[in-house]
Amino acid sequence: MTAVTDDSFETEVLHSGGPVLLAFGAEWSGPSKSLAPLLDEVARDYAARLTVAKLDIDANPATPAKYSVRGVPTLILFKNGVAAQTKTGALTKAQITALVDHHI
């Protein structure tokens, strides 16, 4: 899973060659921590078709503000540099893959 910062967001996400699933989270968030292993699995399962990335909202406050992220974890699937879909809260792997499959 790729770590994204406010500084690298445009390059890593908006100008990516393919779809990007970006997880907004925080170190203090239990649901964010429990989601991490599922995102690692999705990253492996979709390695050729999708980039899975994470952004720490405490260290990088500009990007979450730009996308109105109010809670963590929040997943935003970016396609062609545009936020295609957003999901907030702890999700199952099946819910994550359904989100991804709908857009790729």
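Modeller: Two strands are treated as paired if DSSP finds at least two bridges between them. Please note that this is a predicted model, in which local features need pLDDT of at least 70, side-chain atom pairs count only at pLDDT 80 or more, and totals for chains, interfaces and linings use all residues. Residues are numbered from 1 along each chain as its sequence is written, and side-chain values use heavy atoms, with hydrogens and water left out.

Colleague: Understood. In what sense do strand 1 and strand 3 pair, and over how many bridges?

Modeller: Strand 1, residues 2-3, pairs with strand 3 in the parallel sense, and two bridges connect them. Strands (E, at least two residues) and helices (H or I, at least four) are DSSP runs numbered from the N terminus.

Colleague: Which residue stands opposite A3 there?

Modeller: That residue is K54, which belongs to strand 3.

Colleague: And how many bridges join strand 2 to strand 3?

Modeller: There are six bridges between strand 2 and strand 3, and these strands also run parallel. V20 takes part in the bridging, with T51 of strand 3 as its partner.

Colleague: Let us turn to V13. Where does V13 lie?

Modeller: V13 is part of helix 1, which covers residues 9-14.

Colleague: Why does V13 count as buried?

Modeller: V13 counts as buried because its relative accessibility is 1%. The cut-off for buried is under 20% relative accessible area, with exposed over 50% and partly exposed in between (1.4 Å probe, protein chains only).

Colleague: Leaving aside neighbours within four places in sequence, which residues is V13 in contact with?

Modeller: With those neighbours set aside, V13 touches V4, S8, V20, L22 and F78, where contact means heavy atoms within 4.5 Å. V20, one of these partners of V13, is the residue bridged to T51 in strand 3.

Colleague: How many residues apart in sequence are V13 and I76, and how many Å in space?

Modeller: V13 and I76 are separated by 63 residues in sequence, and their C-alpha atoms are 11 Å apart in space.

Colleague: A change of topic: in which helix is H103 found?

Modeller: H103 sits in helix 4, spanning residues 93-103.

Colleague: Why is H103 called buried?

Modeller: H103 is called buried because its relative accessibility is 12%.

Colleague: Which residues is H103 in contact with, again leaving aside neighbours within four places in sequence?

Modeller: On that basis, the contacts of H103 are with L77, K79, A84 and Q85.
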